[in-house]
Amino acid sequence: MKIMLATPLMKERRADLQYIPLGLGYLCTALKRAGHEVLILDIRAERLNDQQIIERIRAFSPRVLGITAKTCQIRETASLLNLAKQNFPEIITVVGGPHVSALPESTLSELPSLDIGVFGEGELTIVELCEALSAGADLNGIPGLVFREKGNIVKNQPRSLVKNLDDLAFPDRDAFPIGIYNRYAIEYKAKPITSIITTRGCPYKCVFCSKSVFGAGERLRSAANVVAEMRELIEEKGYREIHILDDNFTSDLKRVRDICHEIKTRGWKVHFSLPNGIRVNNFDDELAALLREAGFYWLWFGVESGDPEVLKRIKKGIHLDQVRKAVSTAKRHGFFTGMYFVIGLPGSSPRSEKMSLDLARELEPDVMGVGIFTPYPGSEFYDQQTHLDWKHYRHDFAEHGFTGSQFDTDYILKQFDLLSTRFYFRPAYYVNLIRRHGMMGVRRIRLNFKNFLFRRLRLG
Ligand code: B12
């Protein structure tokens, strides 16, 4: 059967476009192994317009169109589904990903052009679904599906999570227009770059984290399995830099030790980055040295707030001494070090945002990232606050998807600007950045200015 796997088009930060959607990569491999013909249409990376999308669908003529969607992409997903159904009424539309996994039935009822939703992990479900569609069989026995039947919405049992992640075949990167992603990369040492995921799920309880797909328990690929994928990427496909996008790459120190040991033994001269952030609570000299020797050069830490009360309220499970120790250790070991903060968190106030700024200025990381608190479906905060409805979130910060902050737009913009400006616009920061990182520091400075100008233009 012919299956097209697509992303919806939306306004995104440039850096967001540098990675392939790994979820679709995993599905692509699973489907091809089951004998299907698959074509990827990464509309967001290729920036395709409606006419181009129609032409691509017509040329491939798939029976199934599968789309991946986070909550912030649902509006765009709805448009893509409508476009597909209007032009190709016979096509069977399927949506998977974090949003439908959190809200299976309501997604189906709100998207009239959607035939089938897949909630949870998709590799086995999509294969079983396509087999059933080929055979004309009914869909009732397939776990992880929500669909329409005689005017009703039917939700099947959830599918159990894949027990051993090593059983999954590696994502099919060759199916993507690989050259495009690297054009969007801004923070790297060497190209070509690609991304991998080595764990699924997270045992921590941060109230803002959406766990609809992988659940609360953590599953880890073995060191051998991770190294086998790295070998393929480095030795067969020529990648020179790998970004690990895990929620929690360093949770099992023995596994990290084994992976780093293998990287060194094989003599790979490849750069590694952890742009998604690691936790501060187990980051020490030993781990820092291990990662550094293996070629890791960029570390982000998920700090979220400089206010201890807010950290407690969001159940982050860290304290500020650990943050201080982790950031100074990373800097001492020569990492390019980033700290992530979130403004507008539950229990926060202008005073909390100021405490975040003070902490960042005290620790002087190389970069500071500022996010806006948005309770996503699938997060504890969203699921417990029955008055919340993601459909009412504002699109005032469109490259973040949207904001569901309880604070108004003015507050968010003001705090965002305050944190970024007061952190970045200090001569000492630039001197340190260049002293520590030379050309990479200079590149970062250029980027900081570009971001600043962009924000100014937007804010007027
Ligand atoms: C890497 C990542 C990013 C990268 C994306 C790079 C890329 N091109 O994919 C970047 C940094 C750009 C990013 C940005 C954001 N992200 Co993000 N991101 C992640 C992260 C850490 C990993 C995603 C991933 O690759 N997972 C691995 C693959 C295998 O899983 P998957 O994509 O879910 O796919 C599986 C299933 O969902 C399903 N499936 C998925 N699609 C489809 C489609 C079909 C047809 C089928 C059948 C099945 C199916 O099958 C797949 C295989 O099992 C996840 C957390 C996580 N651990 O998943 C958050 C996550 C997806 N991000 C999230 C959010 C909120 C954001 C931001 C809005 C944050 C912000 N405020 O800026 C932005 C949005 C940017 C945008 N415009 O889209 C939330 C989404 C929650 C929600 N309800 O929508 C998550 C879940 C984090 C969290 N725990 O809260 N993100």
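View 1. Strand β4 is mostly covered, with four of its five residues buried. In this predicted model, β4 has a parallel partner in β3, to which five bridges connect it, and Thr 68 stands opposite Gly 96 of β4 in that pairing. Strand β5 (residues 116-118) also pairs with β4 (residues 92-96) in the parallel sense, here over three bridges, and Val 94 is placed opposite Ile 116 of β5.

View 2. Ser 61 is found in the loop between α3 (50-60) and β3, and it has a positive phi of about 55° although it is not a glycine. With 12 other C-beta atoms within 10 Å, Ser 61 is exposed. Lys 150, likewise not a glycine, has a positive phi of about 45° and belongs to the loop between β6 (145-149) and β7. Lys 150 is exposed as well, with 5 other C-beta atoms within 10 Å.

View 3. Strand β12 (residues 271-278) runs parallel to β13 and is joined to it by four bridges, with Ser 273 standing opposite Trp 298 of β13. The largest nonpolar core contains 61 residues, and those with the most contacts inside it are Leu 274, Leu 299, Phe 301, Met 339 and Ile 343. Strand β13 (residues 296-304) supplies the largest share of this core, namely six residues. When neighbours within four places in sequence are left aside, Leu 299 is in contact with Leu 274, Ile 278, Ala 330, Phe 335 and Thr 337. Apart from this core lies another, of 46 residues, whose members include Ile 20, Ile 57, Cys 130 and Phe 147.

**View 4. Helix α16 and its buried side.** The 16 residues of helix α16 (residues 409-424) should span 22 Å at 1.5 Å a residue, and the C-alpha atoms at its ends are 22 Å apart, which agrees with that expectation. Ile 412, Gln 415, Phe 416 and Phe 423 are buried residues of α16. Because these residues cover an arc of only 100° around the axis, they fall on the same side of α16. An α-helix has 3.6 residues a turn, so residues three or four places apart point the same way. Among the elements that cover the buried residues of α16 are β14 (336-343), α14 (350-363) and β15 (367-372), whereas the face turned away from the buried side carries the exposed residues Thr 409 and Asp 410.

View 5. With 22 C-beta neighbours inside 10 Å, Asp 247 counts as buried. Leaving aside neighbours within four places in sequence, the residues in contact with Asp 247 are Thr 199, Cys 202 and Asn 276. Ser 61 is 186 residues from Asp 247 along the chain, and the C-alpha atoms of these two residues are separated by 37 Å.

View 6. Lys 191 and Pro 192 are joined by a cis peptide bond, for which omega is about -5°. Pro 192 is located in the loop between α8 (178-184) and β8 (193-196).

How values were computed: Residues numbered from 1 in each chain as written. Predicted model: local features only at pLDDT ≥ 70, side-chain atom pairs only at ≥ 80, totals over all residues. Pairing = 2+ DSSP bridges. Helix = DSSP H or I, 4+ residues; strand = E, 2+ residues; numbered from the N terminus. Expected span 1.5 Å × (residues − 1). Buried ≥ 20, exposed ≤ 12 C-beta atoms within 10 Å, placed from the backbone. Arc of directions from axis to C-beta. Contact = placed C-beta atoms within 7 Å. Core = buried A, V, L, I, M, F, W, Y, C linked by C-beta atoms within 7 Å.
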